[in-house]
Amino acid sequence: MAAEHPVTPGPRTPTTERLSGDLATDPVPPARHPRASLWVLRAIAVLHCGVIAAQPVFAGIFLTGDVDAIAVHEMNSHIVSLLGWSQIIAALVYAARGRGRWSPMWFSLTLAVAEEAQKVLGYLRLADLHIPIGVSLITIQVLFTVWLFRPDLRQARVDKTRGGGAGGQPRAPNLEGAVRMTLYSHRPFGRPGRSSRSYGGPGALSRRGFLGLVGAGGAAAALAGCGIGGLIGQTAEFLPSRAPLPKPFGVPLPIPPIKRPVRTDATTDYYEIVQRVANAEILPGMRTPILGYDGIFPGPTLVTTSGRRTVVRHRNELPVPVSVHLHGGHTPAESDGGPLDLILPTRGWTRPAHAGHSGAAPMRGDESDGQRDYVYPMRQRAATLWYHDHRMDFTGPQVYRGLVGMHLVHDDEERALPLPDGERDIPLVICDRSFEADGSFRYPALDRTLRTTPGVTADYMEGVVGDVILVNGAPWPVCEVEGARYRFRILNASNARRYGLTLDPPPRERPAFVQVGSDGGLLETPIEHARIDIAPAERFDVVIDFSAYAPGTEVTLVNRLGNDSTAQVMRFRVTRRVKDDSHVPAKLSTIERLDPAKAVRTRVWRFRRGDVGDRPGSAGVAARPEGDGDGGGEHNGWTINDKAYDPRRADADPTLGEIEIWRFMTDVHHPVHVHLDPFQVVSRGGHGVGPYDHGWKDTVDVRPAEHVDVAVRFTDYRGPYLLHCHNLEHEDMAMMATFRTT
Ligand SMILES: [Cu+2]
């Protein structure tokens, strides 16, 4: 090494001299002072700093409630781009014409590219990466601008041929060089009696700059780490288990039993479900107390026929009130499972059914004692529905403890299709949970008895996500499949978690999933997906063709929006090749288009954080201990159009049969669900529909800072219905609204 650098005695000596501020005796003769071009560069950099620093301000205004601020944030990002590229040009002029250094140009170019990537992350709604990287870019631009004010940058550049290290003359420092030199030239830091201020020269500035850069680098790495190692694409807080997690793929996939009617007549099938507490073995060798439909989790699958009246008698032997909502059901209001239309426990419950807070009068709905008959006319097409609890303020914990079940509706059109059926038509109820050390579900409820105080601890207001992925109630199960087509009814029954589902390995010939249906039944034509993003309450009816895999192959259903234990969902083990008569036809169904041009009005629904403290019976009051300033941000609940849910108020009165456009606008992720009738997505973010928006939907995944327009048209039944966020922690903290069909 020494032979290669015979002249230079190491960087320390010349560098120290140079950076000690002895510019007057600089041995490099300035060919031409780059002053004018440097000042132009500095001016642009300062402007760039100001504009880019405004970005989190707009984002903050947006997050604290002004949804429109995101448009300013977006417009401002274009100005940031403009200034970024202007900075490159100015740095280019400074280097080429002003004979200044090249490092500002390379730096500006890198920054501009990073800023463009940052914009793309924003458009992709990857807030988890967009925010920390954005903060890092701002910090770096600010430090760079400070660095640009070093006096020695006024110095003209020395050509390498003349002034390079080989000639023995000191090279003008570039950005990295300056950092390195600063490191060596000021040891030891904090020399006695000499503050960096009294030091005065360019060295002091570069030392601060260096420290800042190190700090920024560390902060950026830490923040980016949060994004990468933490929750991707989620609005929620992670709640880890206290029980040891089982090894994945150790248990078979359970299939919930199909519920048989207790009797049938010419028009109607009658079912009876008893809701009761039971113990389930979810983690091998441990007992988990559940609230279960028929004492199982998930509950039994109801399979009914379009056009045949279905009556389900629910008997509540649980210690808490319940309400049963058939999600996706086209149901008269009195059987829709309103949050206050409670079934009180058969014993041990004293009124009021719903305890109000802050001395507010308790609200009363249509209560029943012990049991209730839900009447479903089933005037709807074949679809994958599900039923779950909808109790006011307690839906989150009660669904979490097990009150979930599938409900499939068949019709003649669907039966005539050659899709896989029978044992090759499998429901996949996917949800995440956490477990206490004793095997019970871990959930941050303020009141674990779920009797009086609603809400979760302040840290979990954004939503609860756990570390165990359950499919049909089993952790990371294995399903043996033959080399044939299977139809899977995928339901995301999680409280708050979104999933990005793919197959690993993917099939070689074509995408992993052929989607044949969505929330509201069959699509018009099948859609191929390599990946499916599914938000809480959404359903994707897909066909997977395992004949694409050799027998013996293990195919994992993975979650691209998870990490560590949540990055995997379940596994398929392909057993053998078989004859398969099924196929996916090119045409599945006919869907009547709700023409947006025929809409009689547009309603805007803004889903955002907000203060719900004065809501009668509010969850938010209790959810937020006095003086607790962190966790959920500066809010104590979730609102729609700035209003907390109040069952006595209706916020819209759509007329049956009329088409309306409903615009859902969000601050963070909100899966928006509308009761009574499915809708059609018209546009997402002002553009076309997304890949997962096709067909009839009843829940739409609205991502941060997004607006989604849907065409709604309600039919048949008059009365109060709900529109709400299906992040259950948001729902429980007032993110619901009533519309009354007339
Ligand atoms: Cu929400």
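Student: Which residues point one way from β13, and which point the other way?
Tutor: D425, P427, V429, C431, R433 and F435 of β13 point one way, I426, L428, I430, D432 and S434 point the other way, and all are buried. Before we go on, a word on ground rules. This is a predicted model, where local features need pLDDT of at least 70, side-chain atom pairs count only at pLDDT 80 or more, and totals for chains, interfaces and linings use all residues. Residues are numbered from 1 along each chain as its sequence is written, and side-chain values use heavy atoms, with hydrogens and water left out.

Student: What makes β13 a strand, and why is it called mostly covered?
Tutor: Strands are DSSP runs of E with at least two residues, helices are runs of H or I with at least four, and both are numbered from the N terminus. Buried means under 20% relative accessible area, exposed means over 50%, and partly exposed is in between, with a 1.4 Å probe and protein chains only.

Student: How many bridges join β13 to β19?
Tutor: Six, and these two strands run parallel. Two strands pair if DSSP finds at least two bridges between them, so this one qualifies. L428 has I490 of β19 as its bridge partner.

Student: How many bridges join β13 to β14?
Tutor: Two bridges, with the strands antiparallel. S434 stands opposite R442 in β14. β13 and β14 form a hairpin with five residues between them, and G439 in the turn has a positive phi of about 95°. β13 is also joined to β16 by four bridges, antiparallel again, with V471 as the bridge partner of I430.

Student: Which residues of α3 and α4 make the contact?
Tutor: Contact means heavy atoms within 4.5 Å. Among them are W85, I88 and L92 of α3, and S108, L109 and A112 of α4.

Student: Is S108 buried or exposed?
Tutor: S108 has a relative accessible area of 2%, so it is buried. Leaving aside neighbours within four places in sequence, S108 is in contact with Q87, I88, A91 and F144.

Student: Which strands stand at the edges of the five-strand sheet, and why?
Tutor: The order is β28-β27-β29-β33-β31, an open sheet with mixed pairing. β28 and β31 stand at the edges because each has a single partner strand, so one side of each is left without a neighbour in the sheet. Neighbouring strands here are turned by 20° against each other on average, direction ignored.

Student: What joins β29 to β27 and to β33?
Tutor: Seven bridges join β27 to β29, running parallel, and seven join β29 to β33, running antiparallel. Five of the seven residues of β33 are buried, so β33 is largely enclosed by the rest of the structure.

Student: Which atoms coordinate the copper ion, and what makes them donors?
Tutor: H670 (ND1), C725 (SG) and H730 (ND1) coordinate the copper ion at 2.0 to 2.1 Å. Donors are N, O and S atoms within 2.8 Å of the metal (3.2 Å for Na, K and Ca), so these atoms qualify. Water is not among the atoms, so sites may look incomplete. The spacing along the chain is H-x54-C-x4-H. C725 is buried, with a relative accessible area of 0%, and H730 is buried at 0% too.

Student: What makes L450 and L676 worth a look?
Tutor: Most residues other than glycine have a negative phi, and most peptide bonds are trans. L450 has a positive phi of about 55° although it is not a glycine, and L676 has one of about 80°. L450 counts as buried at 1% relative accessibility, and L676 does at 3%.

Student: Which kind of peptide bond, cis or trans, runs from F297 to P298?
Tutor: The F297 to P298 bond is cis, with omega near -5°. The D504 to P505 bond is cis too, with omega near 0°.

Methods: Axes are lines fitted to C-alpha atoms, for helices over the stretch in contact, and angles run from 0 to 180 degrees between N-to-C directions.
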